[in-house]
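Here is a set of questions and answers to work through with the model open.

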Amino acid sequence: MSRLAHKVYGHILVPMSADPYDQQDWPKAGAFPLFPYHGRLKGAELVTEEHSFKLRGNPYRKGDAMHGPAQRRSWTIASQSPSVLSMGLEYEADEEWPYSFRAVQHFSISDHRLDVTLNLLNTSERPSPGGIGWHPYFAIGSGVELFCDAHGSWSLPSPGSKDEPILTASKSASFGIEPQTKHLSNWSRASFPISTGYLSLLRTSALEYLVLHRTEGYLCLEPASHLSGALSLPSHLRRAVGITELAPGEMMVGRFSICVGRQPFSSNINEFQ
């Protein structure tokens, strides 16, 4: 997605420019899908219980693989109307991911709400690890207080380490105004002020994990089905942090919404405090 704007509240996402860019290095703007995994895959090596695959690394990420290949592929429009857009990707196994899959992004927009549904179907003839997510760059930087009702906060091990991620209780619903990166879970909504109102990100189904990455120029709130970088963990730890093994023909689905209004969607801001 190159841009998302509202007639009253202005740019929701940082708008992408028309300038060309290297597909291995997505601009810090717009939004892109995370299929079939979220986060960094250390050394671009995928290890399962039965196989070890050396994938093509990303030169901008020290040779690691990052966020899956779906954002670098051409998608096909399956259906389109003034308020609905459905896009599909038929992915054939290659040097970036060794399993074939079908991915779908479905968008439904109204005056104050964008509903997003993500589908991942394993079209391989063997089980495949997988996950889904979405990576937006919201047009808000530091200096604006962010609220999120996540119950869990994770400390991640160094890439390639055999240590386990550590889960602790999130101490506050306020994540302040400063640049930061947090790995959260068990959340249902996040909210922050924009111009004369609020933007709320709502989790509808699945997508239990949320990455909060904030700089001076933008805010990423990345809903995902698993902990970021989970595929770099030993295989016996992955299921506990959301990685799903999809049987041939099996599908996973996640849904979330982006809403704008004069108050945080379906709540008062005091509920976050």
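Q: Which residue does Glu 96 meet in a salt bridge?
A: The model is predicted, so distances here are computed from its atoms. A salt bridge needs a Lys or Arg side-chain nitrogen within 4 Å of a carboxyl oxygen of Asp or Glu. The N to O distance for Glu 96 is 3.0 Å, and the partner is Arg 73.

Q: How many residues apart are Glu 96 and Arg 73, a pair that links distant parts of the chain?
A: Glu 96 lies in the loop between strand 9 and strand 10. Arg 73 lies in the loop between strand 7 and strand 8. The separation is 23 residues.

Q: Is Glu 96 buried or exposed?
A: The cut-off for buried is under 20% relative accessible area. Glu 96 has 6% relative accessibility, so Glu 96 counts as buried.

Q: Which Asp forms a salt bridge with Arg 73?
A: The closest N and O atoms of this pair are 2.8 Å apart. The Asp lies in the loop between strand 9 and strand 10, and Arg 73 in the loop between strand 7 and strand 8, so the pair ties together parts that are 21 residues apart in sequence.

Q: How many salt bridges does a search of the whole structure find?
A: The search of the whole structure gives 10.

Q: Why does the pair of Arg 40 and Asp 64 tie together parts that are apart in sequence, and how many residues apart are they?
A: Arg 40 is partly exposed, with a relative accessible area of 28%. Asp 64 counts as buried at 4%. Arg 40 lies in strand 4 and Asp 64 in the loop between strand 6 (52-54) and strand 7 (65-66), so the parts tied together are apart in sequence by 24 residues.

Q: Which residues lie closest to the centre of the largest pocket?
A: The largest pocket has a volume of about 650 Å³. Its lining holds 34 residues. They divide into 12 nonpolar, 17 polar and 5 charged. Closest to the centre are Gly 39, Arg 40, Met 66, His 67 and Ser 228.

Q: Which strand gives the largest share of the lining of the second largest pocket?
A: The second largest pocket has a volume of about 530 Å³. It is lined by 29 residues, with Met 1, Ser 2, Leu 85, Met 87 and Phe 107 nearest its centre. Strand 3, strand 9 and strand 10 each give two or more residues. The largest share is 4 residues, from strand 10.

Q: How many nonpolar residues are in the lining of the second largest pocket?
A: The lining has 9 polar residues and 2 charged ones. The nonpolar class has 18.

Q: Which kind of pair do the rings of Trp 26 and Phe 32 make?
A: The search of the whole structure finds 12 aromatic pairs. In this one the ring centres are 5.0 Å apart. Trp 26 and Phe 32 are both buried. The planes stand at 55°, so the pair is tilted.

Q: Which residues do ring pairs link into a cluster with Tyr 37?
A: The ring centres of Tyr 37 and Trp 97 are 5.4 Å apart and the planes are at 35°, so this pair is tilted. Tyr 37 and Trp 97 are both buried. The residues linked with Tyr 37 are Phe 53, Trp 97 and Tyr 99.

Q: Which strands are the edge strands of the open sheet?
A: The sheet has 8 strands with antiparallel pairing, in the order 8-9-10-11-23-19-18-14. An edge strand pairs on one side only. Those strands are strand 8 and strand 14.

Q: What is the bridge partner of Cys 148 in strand 18?
A: Strand 14 and strand 18 run antiparallel and are joined by 2 bridges. The partner of Cys 148 is Ala 190.

Notes. Residues are numbered from 1 along each chain as its sequence is written. This is a predicted model: local features need pLDDT of at least 70, side-chain atom pairs count only at pLDDT 80 or more; totals for chains, interfaces and linings use all residues. Side-chain values use heavy atoms; hydrogens and water are left out. Rings of Phe, Tyr and Trp (its six-membered ring) pair if their centres lie within 6.5 Å; planes under 30 degrees apart count as stacked, over 60 as edge-to-face and the rest as tilted. Buried means under 20% relative accessible area, exposed over 50%, partly exposed in between (1.4 Å probe, protein chains only). On a 1 Å grid over the protein atoms alone, a cavity is a set of points where a 1.4 Å probe fits but cannot get out, and a pocket is an open set with protein on both sides within 12 Å along at least five of seven lines; lining residues have an atom within 4 Å of a point. Grid points are joined across faces, edges and corners, and a volume is the space filled by probe spheres set on the points. Ala, Val, Leu, Ile, Met, Phe, Trp, Tyr, Cys and Pro count as nonpolar, Asp, Glu, Lys and Arg as charged, and the others, Gly among them, as polar. Two strands pair if DSSP finds at least two bridges between them.
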